[in-house]
Amino acid sequence: MQTKTLGKDKAAFTVSAQGLGCMGMSQSYGEADQAEAEATLLRAVDLGITLFDTADAYGRGHNEDLVGRVLAPHRDKVALATKFAFVVGADGKPGICCTPEHVKEACDASLTRLGTDHIDLYYMHRLDPNVPIEETVGAMAELVTEGKIRYLGLSEVSANTIRKAQSVHPITAIQSEYSLWTREVEDAVLPTCRELGIGFVPFSPLGRGFLTGKLAKDDVGKGDMRKGLPRFQGENFDLNLALVHALEEIASDKSVNAGQVALAWVMAKGGDIVPIPGTKRRTYLEENIGAADVDLTAEDLARIEELFARGAIAGDRYPEAIMSTVDKS
Ligand SMILES: NC(=O)c1ccc[n+]([C@@H]2O[C@H](COP(=O)([O-])OP(=O)(O)OC[C@H]3O[C@@H](n4cnc5c(N)ncnc54)[C@H](OP(=O)(O)O)[C@@H]3O)[C@@H](O)[C@H]2O)c1
């Protein structure tokens, strides 16, 4: 597996060119077979993946427990990336908290669940609109001094927030949704990362599985968060599937599949980009790693981008309630 470096100078962090998104092993996309999830984590290590992405919110701690326990024998070879911000209030309602006190407490709790003495890449999962980003990043910087975290990341933040954060402490990576059907980060976030020398980690690079073409409407069942996403609903699903069918034709010319082309497209967007496709199955993991060998010519890229022109995608990526948690400052 090739490597890529996220961030620069003291914030430079070299990881495998693809990471593994672990969220689906604990929530979001249907039931997970725990034995297969564990085997997937270990297979990823065998195949040279060094970046494992989790969060304290995934499965309310279950995901960090799982990832930390299974990867413990390989701790010196792997980088653990986790996140803080989502909380459940005293009233039982979900919220976002990024006060310095919460950052410190959340970090200690993640270290315990992960069973490690340091987190390699610690992300703020969402901006807390009630706490200046400088205060949150200030607390994260203190965790670096204490040796509890190595590198800093931010998720789903605006270009403006990135600049303010970088003025407090060097940021290694921004993690946001980026894929053939979600390209908004190209407007301001990616250019800002490049100007400041910050790496970029696309989440949901397979469009939460949709871009593989293997997902049928009926697969999105009860308890699957995709049921609540506009792009997976009703006519939108069918319109978007027509795009994926056209992607399958491009893929078949290259003897690969649509998901591999979708991933190869993200990987082709720059040497500073490390996608974290998510899976809980070894077969999908192996396919996704195979995307690194898919060569897309300039002509292929243009053809694919014309197909997935922004106006061609039916439905928003999130419903309004979730969209409101995304930083637009
Ligand atoms: N920062 C944030 O706010 C945020 C938000 C979302 C996700 N994330 C992180 O990003 C990671 C990746 O994103 P994601 O999991 O949402 O979306 P994704 O990687 O775009 O897609 C994951 C879905 O695609 C399926 N899949 C994966 N490889 C496949 C293949 N080769 N063929 C067919 N289906 C395949 C998976 O199925 P199975 O589950 O059945 O394996 C899963 O349902 C997450 O695991 C998480 O760590 C971060």
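Where in the chain is the place of Glu156?

1. Glu156 sits in the loop between β9 (149-155) and α5 (159-166). This is a predicted model, and in it Glu156 counts as buried because its relative accessibility is 4%, where the limit for that label is under 20%. The side chain of Glu156 is joined to the side chain of Tyr318 by a polar contact of 3.4 Å. If neighbours within four places in sequence are left aside, Glu156 is in contact with Arg126, Gln175, Ser176, Phe203, Arg317, Tyr318, Val326 and Asp327.

2. The structure holds 8 aromatic pairs. In one of them, Tyr178 and Phe200 have ring centres 5.8 Å apart and planes at 85°, so the pair is edge-to-face, given that planes over 60 degrees apart are classed in that way. This pair links distant parts of the chain, since Tyr178 belongs to the loop between β10 (173-177) and α6 (189-196) while Phe200 belongs to strand β11 (residues 199-203), 22 residues apart. Tyr178 and Phe200 are buried.

3. The rings of Trp181 and Phe232 also form a pair, with centres 5.6 Å apart and planes at 85°, and so this pair is edge-to-face. Here too distant parts of the chain are linked, with Trp181 in the loop between β10 and α6 and Phe232 in the loop between β11 and α7 (234-253), 51 residues apart.

4. For Ile174, leaving aside neighbours within four places in sequence, the residues in contact are Leu154, Val157, Ile162, Val189, Cys193, Ile198, Gly199, Phe200 and Val201. Phe200, listed here as a contact of Ile174, is also the ring partner of Tyr178.

5. Ile273 is placed in the loop between α8 (258-267) and α9 (282-290), and it counts as buried because its relative accessibility is 0%. Not counting residues up to four places away in sequence, Ile273 touches Lys4, Ala17, Tyr178, Leu190, Arg194, Phe200, Pro202 and Val266, a list that includes Tyr178 and Phe200, the two members of the edge-to-face pair described above. Ile273 and Gly197 are 76 residues apart in sequence, and their C-alpha atoms are 12 Å apart in space.

6. Ala141 is found in helix α4 (residues 133-145), and with 14% relative accessibility Ala141 counts as buried. Once neighbours within four places in sequence are left aside, Ala141 is in contact with Leu152 and His169. Between Ala141 and Ile171 there are 30 residues of separation in sequence and 9.9 Å in space, C-alpha to C-alpha.

7. Which residues come nearest to the ligand? Of the 30 residues around it, these are Tyr29, Asp53, Thr279, Lys280 and Arg281. As for individual polar atoms, an oxygen atom of the ligand is 2.7 Å from a polar backbone atom of Leu206, and a backbone N or O atom of Gly209 lies 3.2 Å from an oxygen atom of the ligand. With His125 the side chain is involved, an N or O atom there being 3.4 Å from an oxygen atom of the ligand.

Notes: Residues numbered from 1 in each chain as written. Predicted model: local features only at pLDDT ≥ 70, side-chain atom pairs only at ≥ 80, totals over all residues. Heavy atoms only, no water. Phe/Tyr/Trp six-rings, centres within 6.5 Å; stacked < 30°, edge-to-face > 60°. Helix = DSSP H or I, 4+ residues; strand = E, 2+ residues; numbered from the N terminus. Buried < 20%, exposed > 50% of the residue type's maximum accessible area, 1.4 Å probe, protein only. Contact = heavy atoms within 4.5 Å. Near = heavy atom within 4 Å. Polar contact = N/O pair within 3.5 Å; in protein donor to acceptor, adjacent residues only side chain to side chain.
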